[in-house]
Amino acid sequence: MFEYEMHQLRAADLAREADRRRLLRVAREAKADRAERRSVRHESEGRVSTGLRRAGFTRAA
């Protein structure tokens, strides 16, 4: 019975560690996203479109 209880404790520790690491990753990604939005906001010119909608226009004569 002792080994089973030790296994349960270890499994709980591993689950807590995984949750902690997941939260840290999400927080880092959110911080990077905020920094990217902030830098885009302060740019003097906007982003150039990739031309995905270009096929919808007709050619000029």
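1. Is Arg 25 exposed, partly exposed or buried? Arg 25 is partly exposed, its relative accessible area being 41%. Here, buried means under 20% relative accessible area, exposed means over 50%, and partly exposed lies in between, with a 1.4 Å probe and protein chains only.

2. On the basis of the note: this is a predicted model, in which local features need pLDDT of at least 70 and side-chain atom pairs count only at pLDDT 80 or more, while totals for chains, interfaces and linings use all residues. Residues are numbered from 1 along each chain as its sequence is written, and side-chain values use heavy atoms, with hydrogens and water left out.

3. On the overall fold, the secondary structure of the chain amounts to 1 helix and 0 strands. Helices (H or I, at least four residues) and strands (E, at least two) are DSSP runs, numbered from the N terminus. Helix α1 covers residues 2-41, and Arg 37 lies in it.

4. Accessible areas come from the Shrake-Rupley method with a 1.4 Å probe; for residues, only the protein chains shown count as cover.

5. On charge pairing, side chains of opposite charge can pair when their charged atoms come close. A salt bridge is defined as a side-chain nitrogen of Lys or Arg within 4 Å of a carboxyl oxygen of Asp or Glu. By this rule there are 5 salt bridges.

6. One of these salt bridges links Asp 13 to Arg 16, with the closest N and O atoms 2.3 Å apart. Both residues belong to helix α1 and stand 3 residues apart, about one turn of the helix. Asp 13 is partly exposed at 37% relative accessible area, whereas Arg 16 counts as exposed at 52%.

7. Asp 19 and Arg 22 form another salt bridge, the closest N and O atoms being 2.6 Å apart. These two residues also lie in helix α1, 3 residues apart, about one turn of the helix. Arg 22 counts as partly exposed at 42% relative accessibility, and Asp 19 as partly exposed at 39%.

8. The side chains of Arg 25 and Glu 29 meet in a salt bridge at 3.9 Å, N to O. Arg 25 and Glu 29 are 4 residues apart in helix α1, and are therefore separated by about one helical turn. Glu 29 counts as partly exposed, at 42% relative accessibility. Salt bridges with shared partners also join Glu 17, Arg 20 and Arg 21 into one network.

9. On surface patches, the rule takes residues with over 30% relative accessible area and no salt bridge; like charges are joined within 9 Å, and nonpolar side chains (Val, Leu, Ile, Met, Phe, Trp, Tyr) within 5 Å. Phe 2, Met 6 and Leu 9 form a nonpolar surface patch with about 340 Å² of accessible area together. Leu 9 is located in helix α1 and counts as exposed at 52% relative accessibility.

10. A patch of positive charge on the surface gathers Lys 31, Arg 34, Arg 37 and Arg 38. Lys and Arg count as positive and Asp and Glu as negative, while His and the chain ends are not counted. The place of a charge is taken as NZ of Lys, CZ of Arg, CG of Asp or CD of Glu.
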